[in-house]
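Subject: Structure for you to look at

Hello,

Here is the structure I promised you. Please open it and keep it beside this email while you read.

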Amino acid sequence: MAVRHQLIKASPRTVWNVLADGDRYTEWVVGTSASQPARGDWPQVGATIAYEVRLGPARLTNETVVRRCVEPSVLELEAHAGALGTARIALELRSWGEHCLAIVDEHPLEGVGGMLHSAAVEVVIQLRHRAMLARLARVCEAEEQAAGVPRRQATARAGAPGGGDA
């Protein structure tokens, strides 16, 4: 299983607000060139985001479904990737002092992706997660900075979810 974490210097509430905005996924999800909420009320269970991946002139479209949502700390998704199958992607947000510790855990569920899963695939997923979490951090930190929210106030207002151990 590919598990990775990132300390984001923004409040857990700010990070959750970015995750809960289905129109913003292309800002931080590696590989997507377009995304938008498709069905339901994102990020409620059963809601979907339609996304597009461009590979040269080819455009692949698919969707990601919310399978579990515990606002403001847990979002579990099932990403559909056509012939490659599906993957479970779990995002957990923990209060870490005045910041947020974001943890992502991904593994294949069905299809070719599960059959071909190997140590080499894990390395690729880890690299993708590193880039994705770094993007998420930049987006959230910029959001909080633009709002001019002092970090201590933002954390206190957020209700700081989760514990402090990883």
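**A cysteine on the inside**

Cysteine 100 is buried, and its relative accessible area is 0%. Keep in mind that this is a predicted model. How far is the sulfur of cysteine 100 from the closest cysteine sulfur? The distance is 7.6 Å, and the partner is cysteine 140. That is too far for a bond, because a disulfide needs the two sulfur atoms within 2.5 Å. A search of the whole structure finds zero disulfides.

**The chain as a whole**

Now step back. The chain has five helices and seven strands. Starting at the N terminus, the order of elements is β-α-α-β-β-β-β-β-β-α-α-α. Of the 166 residues in the chain, 40% are buried. The chain exposes about 8,600 Å². Carbon and sulfur atoms supply 54% of that area. Take the contacts between residues at least 6 apart in sequence: 49% of them join residues at least 24 apart.

**The sheet**

The seven strands form an open sheet. Follow them across in the order E1-E7-E6-E5-E4-E3-E2. The pairing is antiparallel. Which strands stand at the edges? They are E1 (2–8) and E2 (34–39). Each has a single partner strand, so one side of each is left without a neighbour in the sheet. From one strand to the next, the twist averages 25°.

Look at one pair more carefully. Strand E3 covers residues 48–55, and strand E4 covers residues 58–70. They pair in the antiparallel sense over eight bridges. Threonine 48 stands opposite valine 65 in E4. As a general point, strands of a sheet pair through backbone hydrogen bonds.

**Helices against the sheet**

Helix H1 (residues 12–19) packs on the sheet. H1 touches E1, E4, E5 (74–80), E6 (86–96) and E7 (99–110). The direction of H1 makes about 155° with that of E6.

Helix H4 spans residues 119–147. H4 lies across E1 and E7, and runs at about 20° to E1.

Isoleucine 125 has its place in helix H4. Is isoleucine 125 buried or exposed? Its relative accessibility is 12%, so isoleucine 125 counts as buried, because the cut-off for buried is under 20%. Now find histidine 107. Isoleucine 125 and histidine 107 are 18 residues apart in sequence. In space they are 9.0 Å apart, C-alpha to C-alpha.

Best wishes

How values were computed:
Residues numbered from 1 in each chain as written. Predicted model: local features only at pLDDT ≥ 70, side-chain atom pairs only at ≥ 80, totals over all residues. Heavy atoms only, no water. Pairing = 2+ DSSP bridges. Helix = DSSP H or I, 4+ residues; strand = E, 2+ residues; numbered from the N terminus. Axes fitted to C-alpha atoms, helices over the stretch in contact; angles between N-to-C directions. Contact = heavy atoms within 4.5 Å. Buried < 20%, exposed > 50% of the residue type's maximum accessible area, 1.4 Å probe, protein only. Areas by Shrake-Rupley, 256 points an atom, 1.4 Å probe, with all protein chains shown as cover.
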